[in-house]
Amino acid sequence: MGIISSGFSGRRRADDPRLPPGQYLTEGFPVLSAGPTPRIAKDDWAFTITTEKGDVHRWNWDEFLALPQEDVSTDIHCVTSWSKLGTSWRGVALDTLFKDVDTSFEYTMAHSYGGYTTNVPLADLLGGKAWVAHSFDGKDLEPEHGGPARLLVPHLYFWKSAKWVNGLQMLPQDQPGFWEQNGYNMYGDPWKEQRYW
Amino acid sequence: MSSVWRVADVVATRMETPTARTIRLRIPGLHGHLAGQHVDIRLTAPDGYQAVRSYSIASGGGRGAIEPHDLPDDELELTVEELADGEVSPYLVRDLADGDQLEVRGPVGGWFVWRDGDTTPVQLIAGGSGVVPLMSMARAHAAAASPAPFRMLYSLRSPASGYYSDELSALAADTASPLQLDYVYTRQAPEGAPAPARLTAEGLMRRTIPASDSPTFFICGSTPFVEAVSGWLVDAGHEAARIRTERYGGIGGTP
């Protein structure tokens, strides 16, 4: 139960079953970035998946938009304790992007413009659980929120949903990415509160 | 260690401005912290309801050069800005009392931190209450008598909204390890100072370490502030990889 603060009541109640432990609801959309927002023109944008054999599957912006598009309504949970419910995204499922990818490796490192990385097991990207999203609330994704496109892995803490994503590298073993080297959990399940080391 | 909730004692508090309060905590088992890290604070209401927020550490994590910041290893200080629509900050600023207890997790963070062995020139840029983790770095710099050139640009609404004014002046006057200090006032300037105005790209360049000196930047403030300042720095030829940012509502912010 913890230490009781007798003068503290709290305005918002955490009785929403969609809210993981230790999270509070926000209506805003806070920004969390380690450095300057990269400026990426859609004409220069590309997304790649690189396998253990060195095969590179590559999509430019037009090819990416020509893939089957999905609308996703989902809750998102930031490690800094805010959650946002019922957010609306549009993008391409990782299932679609991995359709012709031949790999036996079970881990991935997501890479972004600007050098950011984060590790995600392949199983967490497939099965309708993850997307490369380019729209939020019916509009192009803002650069500060990861535009032109970001990874969307909503069942993990949101730092795993890498902004400005430009590729996935298949890995034989799990390796820590950027925040994971800087104090954050390797996996990041919000329902288990896997926030830090 | 950082995943564990620990019970902390409130050792002392003081108001920095009419809406901002510094809270000194004693955390059994704490062995210092890095300058720029944050902690999570958990409050529990009498009915069991809990709320968690992240707050930046203001203390330097080492022996302070200037009283009252010479803290033992198991103590640290936070500075919390009261948000009008906040759930946790009004309690911390208005109701928490010396001798109270609360729960703390952390310190956390290995990116937005300054390590006192680093001699690279450092430019700190603060927007409003974003000064808190940067003050931690300035204090650590002074405490270590670091030879690293340190400069701080502090953008604030008015002189009355500034945190740590006297101590910043003292750090600027420190002969062993000076902090070069520049203020920008956006709404109300002190007498004799230039008229208040928002920071511009040109004003930023005049008050920061030039790209030719390859400084590391630590920028903390609101998202529009951080976006504008970091964009101007990239435009001016600073390497993006040397620009580290933190925003309110992000890691270590003050929601």
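**View 1. Ser214(B) sits in the loop between α4 (201-206) and β10 (216-221) of chain B.** This close-up, like the others here, comes from a predicted model. Ser214(B) is not a glycine, yet its phi is positive, at about 50°. Is Ser214(B) buried or exposed? Ser214(B) counts as exposed because 12 other C-beta atoms lie within 10 Å, and the cut-off for exposed is 12 or fewer.

**View 2. Ser81(A) also has a positive phi without being a glycine.** Here the angle is about 95°. Look for Ser81(A) in the loop of chain A that runs between β4 (70-77) and β5 (82-93). How many other C-beta atoms lie within 10 Å of Ser81(A)? There are 21, so Ser81(A) is buried, given that 20 or more is the cut-off.

**View 3. A cis peptide bond links Gly147(A) to Pro148(A).** Its omega is near 10°. As background, most peptide bonds are trans. Pro148(A) belongs to the loop between β9 (139-140) and β10 (150-152) of chain A.

**View 4. Chain B has a cis peptide bond between Gly106(B) and Pro107(B).** Where is Pro107(B) found? Pro107(B) is part of strand β6 of chain B. The omega of this bond is about 5°.

**View 5. Five strands of chain B make up an open sheet.** Follow the strands in the order β9-β8-β7-β10-β11, and you will find that they pair in parallel. At the edges are β9 (179-185) and β11 of chain B, each pairing on one side only. On average, neighbouring strands of this sheet are turned by 10° against each other, direction ignored. Which residue of β10(B) is the bridge partner of Gln123(B)? The partner is Phe217(B).

**View 6. Chain B meets chain A through 40 of its residues, which are in contact with 34 residues of chain A.** Several elements of chain B each supply at least two residues to the side that touches chain A: the strands β3 (38-44), β4 (50-56), β6 (101-108) and β11 (243-247), and the helices α1 (89-95) and α5 (223-235).

Note on methods: Residues are numbered from 1 along each chain as its sequence is written. Chains are lettered from A and ligands numbered from 1 in the order in which they are written. This is a predicted model: local features need pLDDT of at least 70, side-chain atom pairs count only at pLDDT 80 or more; totals for chains, interfaces and linings use all residues. Two residues are in contact if their C-beta atoms, placed from the backbone, lie within 7 Å. Helices (H or I, at least four residues) and strands (E, at least two) are DSSP runs, numbered from the N terminus. Two strands pair if DSSP finds at least two bridges between them. Axes are lines fitted to C-alpha atoms, for helices over the stretch in contact, and angles run from 0 to 180 degrees between N-to-C directions.
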